[in-house]
Amino acid sequence: MRVLGISPLDKDATASFMEDGQVVFACGEERLSRVKLQDGFPHRAVRMGLARTGWDPLSIDAVAYAFFDGEGETSLLQQALAEDARIHASDCTRASLAQLRHASNNGYHLDRSQRIPGLPTEESEFMPRKFWLKRTLYNRTAASSFLDWHTHRHFFRQGVRIASADHHRWTRELLAGLREYGLHDRLRRFHHHDSHAANSFYGSGFDQALIVTLDGYGSGAAGGIYLGGALGIKLLHRFPFPNSLGHFYEQVTSALGFKPCRHEGKIVGLAAYGDPRHLKDILLERFVCTQGDIRMRAALNPLLSRVLSARFAKRDVAAAYQHVLEEVAKVTVAYWLQKTGMRNVVVSGGVHANVKLNQRIRELPGVEAIFVYPNMGDGGCATGAAMLVFSHNGIRPKPLDNVYFGPDYSHDEIENALRRHGLAWEEYSAIEQQVAQLVSEEYIVARFNGRMEYGPRALGNRSILYPARDPAVNQWLNRQLGRTEFMPFAPAAMADQAQRLFNNLSGCEKTAEYMTITFDCTDTMKTACPAAVHVDGTARPQLVSERTNPSFYKVLRGYNERTGIPALINTSFNMHEEPIVCSPDDAVRAFLLGNIDYLAIGTCLVPHPKLAENSRRRELSRTELAYA
């Protein structure tokens, strides 16, 4: 049986090809269009998938999609709007606003004893002062529970109108796209969160598990709780929209000057520097968590986060939102663990891109193992929806063994790209040893090898590698690549050496292959790889074995043999705000623009044309940082 999964068309449009319950090809449209989180029908990904699999479109038995049609989604939104008005009173945020007044009048002081890279001055720690009209609007809303609630209802009604129009447009676009392949009559639609539940449970390989899905919005819900077992997945509870931890975190991302649905990871990194105690009670008073449910008061009023960002330092605002996210999720998951008696937890949905939250769930009493679906956002719904088709037809989808589901390229294609750009190279049959040697000599090496990764993480086949010994690398290399981050680079580590580096790995070995969870670091890790350890003593590793990626494991083993250190920095191979590279031409472009020392592409090793000049500039940058 062959199934084509299409992810929601609103962002990160992805095509997933599955045969007899197994993924054979999957790729996000962004990697081919070169537009981050590309929306719309993923024609490029579908065409490439057909070419790489050799499938005739008419051999596809079903097309799976993780939203209902425009009418269905509109009905669910309208139900959510009515339910929200029914359960909350217009003064429901009175206690929260009282906490805000207390925090604002209590002599707030920013503790800058721990400096933040990228925020060098006290002024940079705060958002720029807003125009007087905005300040007045924010302050009046913050002073009145009535205005707080009615602002929320205004944005909710507006959001329903916009979302309804969008879902009708995506319905038309999806059908039009499928008609081009003769597949419009094979479409199967599923509840959005059921697709998240399916990819996390079936991808895990667990025989049974508690399934938790949390995101911004999906088919009238913001998440769900399921049981996974021999008979498939069973719904236990849905968290109705707008009680959304995803929107909650998107609001603070926007309020602190970043792009929601893209830069939430920056908030996670920034939060570790802050003190949540200043503001957490303001936010906790907005949640009601009873009997395993999550309810939020005035959930869609974005002005609260803007008031907080106008009055308090970025780090403390971020810390409060991260703390409350973790606390609400922990209370809720703990309830369902106790109720079901489950010991394995699997999670999916955009909220679970939050690696610290995933660690907190693993640390809950009674949890023995956790699995985070590697493509946890909506891009992963293509595979989840396709898995539901198989499950409904009596075929149990296969667990993930790796996520190298994207395209690979021939030696001729690689050489042709190098020639087009006038680059010189040398060939090595054992190029992994050359890479290990160069990195041990503190050269930056971009690695392009084999099939591209599926999902948001670079896992060794489209990665930039460097030693994790110098903490300043997080500043100068990000600057070189045009990035701004508050979380350090992630490490790739030899799986058979991981117990030396990370605490509490038990039950997380599989999910740690995908860089989806943080761990507290051992003293050995802190000493050997300080550049990959965050200020809170955690790291988000990729554990690499001969089974998961034999070639990348050779690089790590070679580096370990030369240095005695079994881990390297592994950051995505791309320029800032661009998708991870896909093709040889993408790789060459990012290599040249990023002034990376060497490109290891297939069996070809390419020195940068300005290698000596780049090395001199780097030393100057390091010196500047040392004296800053």
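**Stop 1: helices H5 and H6**

Start by selecting residues 132–143, helix H5, together with residues 145–179, helix H6. In this predicted model, the two helices pack at an angle of about 110°, and their axes lie 5 Å apart. H5 and H6 are therefore roughly perpendicular to each other.

Now show the side chains where they touch. On the H5 side, pick Arg140, Thr141 and Ala143; on the H6 side, pick Ser145, Leu147, Asp148 and Thr151, which they meet. Colour this contact by class and you will find two nonpolar, three polar and two charged residues.

**Stop 2: the largest cavity**

The structure holds five cavities of 30 Å³ or more, and the largest has about 80 Å³ of space. To centre your view on the largest cavity, select Phe248, Gln251, Arg286, Met296 and Leu304, the closest to its centre among the 13 residues that line it. Then highlight helix H8 (245–255) and helix H11 (303–311), the elements that each give two or more residues to this lining. What classes of residue make up the lining of the largest cavity? There are eight nonpolar, three polar and two charged residues.

**Stop 3: the second largest cavity**

About 50 Å³ of space lies inside the second largest cavity. Colour its lining by class too: four residues are nonpolar, three are polar and two are charged.

Note on methods
Residues numbered from 1 in each chain as written. Predicted model: local features only at pLDDT ≥ 70, side-chain atom pairs only at ≥ 80, totals over all residues. Heavy atoms only, no water. Axes fitted to C-alpha atoms, helices over the stretch in contact; angles between N-to-C directions. Helix = DSSP H or I, 4+ residues; strand = E, 2+ residues; numbered from the N terminus. Parallel < 35°, antiparallel > 145°, perpendicular 65-115°, else oblique. Contact = heavy atoms within 4.5 Å. Nonpolar A, V, L, I, M, F, W, Y, C, P; charged D, E, K, R; others polar. 1 Å grid on protein atoms, 1.4 Å probe; cavity = no way out; pocket = protein on both sides within 12 Å on 5 of 7 lines; lining within 4 Å. Points joined across faces, edges and corners; volume = space filled by probe spheres on them.
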